[in-house]
Amino acid sequence: MKFTRLRIVGFKSFVEPTDFVIEPGLTGVVGPNGCGKSNLTEALRWVMGETSTRNMRAGGMEDVIFAGTNLRPARNTAEVTLFLDNTARTAPAAFNDSDALQISRRIERDGGSTYRVNGREVRARDVQLLFADASTGARSPALVRQGQISEIISAKPMARRRLLEDAAGISGLHTRRHETELRLKAAESNLERLDDVLAQIATQLDGLKRQAKSAIRYRQLSAEIKETEALLFYRRYLESKSAVEEAARALDLETRQVAARTEAQAAASKEQALAAYELPGLRDIEAKAAAALQRLASAREALDAEERRAVERTADLDRRMAQLGDDITRERGIDAETDAVLERLQGEEATLTAENARAADAEIAARDRLTAAERALNQSEHAFAAATAVLAEANAKRNQLERAVREAVERLGRIEKEIASVEGETVALRASAGSDVEALRAAVAEAKLDDGAAEAAMLAAEHRHADARAAEAALRGPADESERAAHKLETVAATLAN
């Protein structure tokens, strides 16, 4: 067997679970004084069955439990587990059925120690014998401590004999021999006690002989007593027989009464069976009535809920119809504004035509006279600036009309979507509330009329927008001609100046 691993939990300074792997070869633990190196050796001694508190450097065995510090509380238990490699199968027969042995010792405050081998609880003596067969143990010379070499040199013959037994591997046999001697001594003491017991039994035998004589006398008296009791029992038998005959007569009378009452009970049972036969039908009728009542109540609640939804939907449709009316009113206002803009553009077009005519007259006059040409040049410049402003205003109004048309198209799309939604809701309401179908149809028809009016207004706005574009094109021609005339006048003025 070989040590492979040592696990310590709550033992002295090892408060946290700590595993020490013992690899093949030489394993060493190095550290400063007070770091707990000696606690490892003491943990090995303790798990191998050490019972002396002096060897554990403690006042009591519970002192091996972690006592706590200023920062950590004390523990209530301590446990040390030793793992052994038993592939060679050299363990005692009781534990030789596994390739690995796990030996643990656990102590609790005010609870004592418990030993376990592979999870099975065993005696401390079993653990000590296991390690003794392996030529080791808690007090084996194989565990060398400080000053032990000098002790071995100056040891007495008995101590040296123990060392040689450990080296020879017969310490387990010596331990078993010691136990056998103890058992033999116990057997000898039991034999001595047996002699004493035999003497006591001889004394008791004399008393039993006297008791036997008394028993014979007792047997004779018992026979006489039994004969007397037999006569007494026979007399009681005769009295009991007469009592039985009287009881039989009473039983016959009671039997006739029981028969009469049984017939009455049978009639009552028959009536009860008839009532029980009719009871399921009545219960079914009651259940059907209760189910019908429940269905009616559910239907009533559903109708009430449907009525509330219809009222809410009607109010919602009224709000939407009002909103559609407001949208139509806004569209009509936009159409009126568009008409006013077109009228203003036509007036501006007439003004531009008149100004172009005056510019042409000024050009003819400029050819005749230089002074008239300069005056006409000034008038043409003013006319050109006015025409440019008018053209910019026309472009702005055209952009405004295009935006108005786009907004009208978007509104029309929204109105069509709302009309489609209203039609879908009308179909749903037609299925749920038949009394409101006619009113909803009238509302939908009115919405369709409003939609047609809005569509007509949109078409009119588009026509007006096209007319505005044509007017702009017509105005752009005179403006270009005015610009060319002004350019010619500037050329003539420059020539005359030269």
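Trainee: Which residues touch the most other members in the largest nonpolar core?

Mentor: First the general idea. A nonpolar core is a set of buried Ala, Val, Leu, Ile, Met, Phe, Trp, Tyr and Cys residues joined through side-chain atoms within 4.5 Å. Buried means under 20% relative accessible area, exposed means over 50%, and partly exposed lies in between (1.4 Å probe, protein chains only). Here the largest core has 30 residues, and Ile8, Phe11, Trp46, Val64, Val80, Ile103 and Phe131 touch the most other members. At least two core residues come from each of S1 (2–9), H1 (37–47), S3 (77–85), S4 (100–108), S5 (112–117) and H2 (124–133). H1 gives the most, with 5 residues. Helices (H or I, at least four residues) and strands (E, at least two) are DSSP runs, numbered from the N terminus.

Trainee: What should I know about the model itself?

Mentor: This is a predicted model: local features need pLDDT of at least 70, side-chain atom pairs count only at pLDDT 80 or more, and totals for chains, interfaces and linings use all residues. Residues are numbered from 1 along each chain as its sequence is written, and side-chain values use heavy atoms, without hydrogens and water.

Trainee: With which residues is Phe131 in contact, leaving aside neighbours within four places in sequence?

Mentor: Contact means heavy atoms within 4.5 Å. On that basis, Phe131 meets Phe3, Val47, Met48, Leu82, Leu84, Ile103, Thr136 and Gly137.

Trainee: In what order do the 6 strands form the sheet?

Mentor: Two strands pair if DSSP finds at least two bridges between them. This open sheet runs S2-S1-S3-S4-S5-S6, with antiparallel pairing. S2 (18–21) and S6 (120–122) stand at the edges with a single partner strand each, so one side of each has no neighbour in the sheet. From one strand to the next, the twist averages 20°.

Trainee: How many bridges join S1 to S3?

Mentor: There are 7, and the two strands run antiparallel. Leu6 stands opposite Leu82 in S3.

Trainee: Which strands does H2 touch as it packs on the sheet?

Mentor: Axes are lines fitted to C-alpha atoms, for helices over the stretch in contact; angles run from 0 to 180 degrees between N-to-C directions. H2 touches S1, S3, S4, S5 and S6, and its direction makes about 140° with that of S4.

Trainee: Where is Arg57 placed, and is Arg57 buried or exposed?

Mentor: Arg57 sits in the loop between H1 and S3. Its phi is near 55°, a positive value in a residue other than glycine. Arg57 counts as exposed, at 54% relative accessibility.
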